[in-house]
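Student: I am new to this structure, so please take me through how to read its features one at a time.

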Amino acid sequence: MGERHPAARRTSILPADAVPDTMPEPLFDLERDVLDYLIAYLRRNTFQPSIREIGRQFAIPSTRKVSEILKSLEAKGWIERTRSRSRGVRVLGFAREPAGSAGPPDPGRFEDAVPGDEAWMDQALGQAVAAVAADEVPVGAVLVHDGRLIASACNLTRTLADPTAHAEMVVLRNAAAQAGQQWLLDATLYVTLEPCTMCAGAIVLARIARLVYGASDPKSGMCGSLGCIVQDARLNHRVRLTRGVREAEAGELLRSFFRARR
């Protein structure tokens, strides 16, 4: 996986008793992301990721910036970088912060919308409108591959008496059935509301390449609001993210639905 440094096989994670007596300093968000990535990577491999690989993982174009992050992690007591030619990295303990000191949730790394996003989101909004007619919470989703619509659906939790029948889940199931496999590689999922924990996990498992959503969900959204499962460096797949496409329309559909039922 990734690039190997010559003779870098001495890299390892030290046992928990190797954590120094003094507690490491708190981390900034990007530092925390890089540290989590190092922990996950070194648990799977006997060699460290290269500077360039870390840069690609976090869209950092400058190798100097990556080096600065690693130097900061070392200065704060989270990692120890060897001085040998292997340039190995040892993570002190499992690099876990004390209870109650965790930083803010990972906000995700978002990209700008691209041409065509609004048109596909309009189709997802059409599915959300159809959900209202079925007395379902108005959330709609469509899956697109190579500019072609693969599947579309709205929430069906009440219709099917199925708590897992969120629009995203229904679309993923239908698309996987059509494809005859569980992976939906290079596909883009458009959904009117930020996916929850369940749907975010399913998106990762399906190997969706890109997720585009309309309204954020501060109460249960796990793609930027409460966390970002789809870009968690500890998982074996990460998803490109775009948010806010037709956000006003998606949000108003939800507000109108719940206002009418108060």
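Student: How many nonpolar, polar and charged residues are in the lining of the second largest pocket?

Tutor: Residues are sorted into classes: Ala, Val, Leu, Ile, Met, Phe, Trp, Tyr, Cys and Pro count as nonpolar, Asp, Glu, Lys and Arg as charged, and the others, Gly among them, as polar. In the second largest pocket, the lining has six nonpolar, three polar and five charged residues. This is a predicted model, in which local features need pLDDT of at least 70 and side-chain atom pairs count only at pLDDT 80 or more, while totals for chains, interfaces and linings use all residues. Residues are numbered from 1 along each chain as its sequence is written, and side-chain values use heavy atoms, with hydrogens and water left out.

Student: Which residues lie nearest the centre of the second largest pocket?

Tutor: A pocket is found on a 1 Å grid over the protein atoms alone, as an open set of points where a 1.4 Å probe fits, with protein on both sides within 12 Å along at least five of seven lines; lining residues have an atom within 4 Å of a point. Here Leu193, Asp217, Leu254, Arg255 and Phe258 lie nearest the centre, out of 14 lining residues. Helix H7 (residues 247-259) gives the largest share of the lining, five residues. The space in this pocket is about 350 Å³, taken as that filled by probe spheres set on the points, which are joined across faces, edges and corners.

Student: What is the order of the elements from the N terminus on?

Tutor: Helices (H or I, at least four residues) and strands (E, at least two) are DSSP runs, numbered from the N terminus. The protein has seven helices and seven strands, and their order is α-α-α-β-β-α-β-β-α-β-α-β-β-α.

Student: Which residues of helix H6 are buried?

Tutor: Buried means under 20% relative accessible area, exposed over 50%, and partly exposed in between (1.4 Å probe, protein chains only). In H6 (residues 197-205), the buried residues are Cys199, Ala200, Ala202, Ile203 and Val204. They pack against helix H5 (167-179), strand E5 (188-193) and strand E6 (210-215). Over the whole protein, 47% of the 262 residues are buried.

Student: What is the phi of Arg207?

Tutor: Most residues other than glycine have a negative phi. Arg207 has a positive phi, near 60 degrees. Arg207 sits in the loop between H6 and E6 and is buried, at 18% relative accessible area. Another positive value, near 50 degrees, is that of Ala161, which lies in the loop between E4 and H5. Ala161 is exposed, with 68% relative accessibility.

Student: Which residues is Ala128 in contact with, leaving aside its neighbours within four places in sequence?

Tutor: Contact means heavy atoms within 4.5 Å. Apart from those neighbours within four places, Ala128 touches Pro138, Val139, Gly140, Thr192 and Leu253. Ala128 belongs to helix H4 (residues 117-133) and is buried, its relative accessible area being 0%.

Student: Is Arg210 buried or exposed?

Tutor: Arg210, in strand E6, counts as buried at 5% relative accessibility. Beyond its neighbours within four places in sequence, its contacts include Glu111, Asp117, Tyr190 and Arg240.

Student: How many aromatic pairs are there?

Tutor: Rings of Phe, Tyr and Trp (its six-membered ring) pair if their centres lie within 6.5 Å; planes under 30 degrees apart count as stacked, over 60 as edge-to-face and the rest as tilted. By this rule there are three aromatic pairs. One of them, Tyr37 with Phe58, is edge-to-face, at 5.7 Å centre to centre and 90 degrees between the planes. Tyr37 is in helix H1 (residues 29-44) and Phe58 in the loop between helix H2 (51-57) and helix H3 (63-75), so this pair ties together parts 21 residues apart in sequence. Both Tyr37 and Phe58 are buried. Phe257 and Phe258 also pair edge-to-face, because their ring centres are 5.1 Å apart and their planes are at 85 degrees. Phe257 is buried, at 3% relative accessible area, whereas Phe258 is partly exposed, at 39%.
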